[in-house]
Amino acid sequence: MNKNQKMARDTLFSKGINPSYYRIVILENILKNPRKCLKANELYSSIHKNAPTISKATLYNNLLLFEENAIVDKISFGQDDVRYCLNDGKFYIYFRCKQCQKMYRLESSWFSADGGMIDGNRIERMHIMAYGVCKKCLQSELGGRYEKVQV
Ligand SMILES: [Zn+2]
């Protein structure tokens, strides 16, 4: 058992979930990329390499179980863009670039600094969705303008 498999097993145990082979494999793949939010089909492709017998139904059922137990957060930018991210207890802003369609998970220090309290309410999970233009696209936009100025 590698480090991520052990962590997956321990996480499942701590939530009172039976750590079956598939559950460990699925969670291990999420733990491998703790800062990335993966679509179910991306997760499926990566899991399928090591566990070719896994079905999509098994994956979806377990993702739902993980979501219900606050192991993962399901982030949806509409029907076509649903992703799963590791819930590490921090609050994030999920930002999607309207130009390159990439999604970024940005740490929201301004909120977690307050201990997750808003107006006396204890907030345990929060998904802030943000839309705009990412750093990379802004740079290439500015780069384009700069070239025009040069001409
Ligand atoms: Zn972009």
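In what order do the three strands of the open sheet lie, and what is the sense of their pairing? In this predicted model, the order is β5-β4-β8, and the pairing is mixed. The edges of this sheet are taken by β5 (103–107) and β8 (127–132); each has a single partner strand, so one side of each remains without a neighbour in the sheet. From one strand to the next, the twist averages 25°. Within the sheet, β4 (residues 92–97) pairs with β5 in the antiparallel sense, over five bridges. Across this pairing, F95 is placed opposite Y104 of β5. In a regular strand, side chains alternate between the two faces of the sheet.

A further set of strand pairings involves β3 (82–86). Four of the five residues of β3 are buried, so the strand is largely enclosed by the rest of the structure. β3 runs antiparallel to β1 (residues 38–39), to which two bridges join it; here K39 has R83 of β3 as its bridge partner. β3 also runs antiparallel to β2, and five bridges join these two strands. One of the residues involved is V72, whose bridge partner in β3 is L86. β2 and β3 form a hairpin with five residues between the strands, in which G78 adopts a positive phi near 90°.

Helix α2 spans residues 21–32, and its 12 residues reach 16 Å from the first C-alpha to the last, close to the 16 Å expected at 1.5 Å a residue. Its buried residues are R23, I24, V25, I26, L27, E28, N29 and I30.

The packing of α2 with α4 can be followed in detail. The two helices pack at an angle of about 75°, and their axes are 10 Å apart. This angle makes α2 roughly perpendicular to α4. On the α2 side, the contact is formed by Y22, R23, I26 and L27, which meet T58, L59, N62 and F66 of α4. By class, this contact has five nonpolar, two polar and one charged residues. R23, I26 and L27 also belong to the buried residues of α2.

Notes. Residues are numbered from 1 along each chain as its sequence is written. This is a predicted model: local features need pLDDT of at least 70, side-chain atom pairs count only at pLDDT 80 or more; totals for chains, interfaces and linings use all residues. The expected span of a helix is 1.5 Å times one less than its number of residues. A residue is buried if 20 or more other C-beta atoms lie within 10 Å of its own, exposed if 12 or fewer, and partly exposed in between; C-beta atoms are placed from the backbone. Two residues are in contact if their C-beta atoms, placed from the backbone, lie within 7 Å. Axes are lines fitted to C-alpha atoms, for helices over the stretch in contact, and angles run from 0 to 180 degrees between N-to-C directions. Angles under 35 degrees count as roughly parallel, over 145 as roughly antiparallel, 65 to 115 as roughly perpendicular and the rest as oblique. Ala, Val, Leu, Ile, Met, Phe, Trp, Tyr, Cys and Pro count as nonpolar, Asp, Glu, Lys and Arg as charged, and the others, Gly among them, as polar. Two strands pair if DSSP finds at least two bridges between them.
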